[in-house]
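Please keep the sequence and the structure in view while reading.

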Amino acid sequence: MILSISASIVKAQEITGLSVMTKVSFENNNISSPTPTPTPSIPTPSSVTDYPIENKTVSYFDNSTGFLVYPSLNQSAKTEKLPAVVLIHENKGLNEFIKESASLLARNGYVVLAADLFNGEVTTDQDRSRQLTTAIRENPDLAINNLKAAVAYLQTLDNVDPSKIASLGWCFGGQQSLQLALNSKDNPLAATVIYYGRLSNDTQVLSNISWPILGIFGDQDQSISIDSVNQFQKALNETGITNEIYIYPNVGHAFANPSNDNYAPNETADAWKRTLSFLDKYLKS
């Protein structure tokens with residue numbers, strides 16, 4: 001699905017970082033949504049309540065610790081079961097951007113565990129990033145076992161509905177979000193979100209997935225080709241997997257990361273609104 005996105009949300013010079021995502025989350029009445037054509041209008045997220053939140057560092061797998069953040073209002077005598085998300089970082093590690101993104105999801109009513117696949121290491125050095133991601137890609141079970149443990153950890157929490165857990169990742173984390181899905185047949189997720197991660201078009205492998213997938217991509221991405229995205233959606237359709245795939249025109253890889261040269265605030269805001277609507281639809285209904 002190719003989107004034609006108008007530039008009506010924000011001016012890049014005025015809105016930076018997570019502020020566009022925050023505005024979409026809690027100030028829907030004050031922002032003009034872009035008008036994609038020929039696709040239908042974006043559903044409004046079912047809840048725009050800005051919940052107070054709490055966070056803590058938790059041990060969930062071997063020597064790995066994650067950032068757990070959740071709405072504090074449900075820490076009462078009568079515990080409400082909430083949907084949850086395993087958030088998966090990019091190739092820079094579990095940095096402040098990922099923690100702030102996790103907090104934003106929690107403010108939207110989710111219990112969020114931001115997993116750590118780099119054993120606590122955070123880097124901005126491209127060579128070191130490449131080494132860390134290569135180590136995972138050469139030993140995929142390291143990440144798969146880590147992320148499956150993150151899901152299992154969330155399922156043990158009193159404030160989590162164990163049947164309403166999704167994964168969401170960007171870039172390297174997008175690939176890992178899909179890998180978690182491919183290896184969760186015995187403990188199904190409720191939804192999977194992939195931002196410009198490496199894909200598979202193997203229908204036999206994809207048949208392990210029985211829940212909806214959201215994919216966010218840019219048509220100028222030099223890492224994830226449009227052809228691979230189209231082949232991925234074709235395979236999802238052939239396998240009968242519910243999916244929403246969006247390809248944004250004129251943006252490249254990692255366009256939703258404010259520290260990246262390809263950062264595109266208008267498209268980031270639109271993608272985030274679609275992400276919240278997708279999660280609300282499949283985790284809150």
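Which residue lies over the face of tyrosine 246? It is arginine 274, at 4.3 Å from the ring centre. The model is predicted.

**Aromatic rings**

- The model contains 7 aromatic pairs.
- One of the pairs joins phenylalanine 118 and phenylalanine 172, whose ring centres are 5.5 Å apart. The angle between the two planes is 35°, and the pair is tilted.
- Phenylalanine 118 belongs to the loop between strand 4 (111-114) and helix 3 (126-138), while phenylalanine 172 belongs to helix 5 (residues 172-182). The pair therefore ties together parts that are 54 residues apart in sequence.
- Phenylalanine 118 and phenylalanine 172 are both buried.
- One aromatic cluster is formed by Phe97, Trp170, Tyr195, Tyr196, Tyr248 and Phe255.

**Positive phi angles outside glycine**

- Aspartate 62 is a residue other than glycine, yet its phi is positive, near 45°. Aspartate 62 is found in the loop between strand 1 (53-61) and strand 2 (64-71).
- The relative accessibility of aspartate 62 is 68%, so this residue counts as exposed.
- Asparagine 250, which is not a glycine either, has a positive phi of about 65°. Asparagine 250 sits in the loop between strand 8 (243-248) and helix 8 (265-284).
- Because its relative accessibility is 65%, asparagine 250 counts as exposed; the cut-off for exposed is over 50%.

Terms used
Residues are numbered from 1 along each chain as its sequence is written. This is a predicted model: local features need pLDDT of at least 70, side-chain atom pairs count only at pLDDT 80 or more; totals for chains, interfaces and linings use all residues. Side-chain values use heavy atoms; hydrogens and water are left out. Rings of Phe, Tyr and Trp (its six-membered ring) pair if their centres lie within 6.5 Å; planes under 30 degrees apart count as stacked, over 60 as edge-to-face and the rest as tilted. Helices (H or I, at least four residues) and strands (E, at least two) are DSSP runs, numbered from the N terminus. Buried means under 20% relative accessible area, exposed over 50%, partly exposed in between (1.4 Å probe, protein chains only). A charge sits over a ring if NZ of Lys or CZ of Arg is within 6 Å of the ring centre and within 35 degrees of the ring normal.
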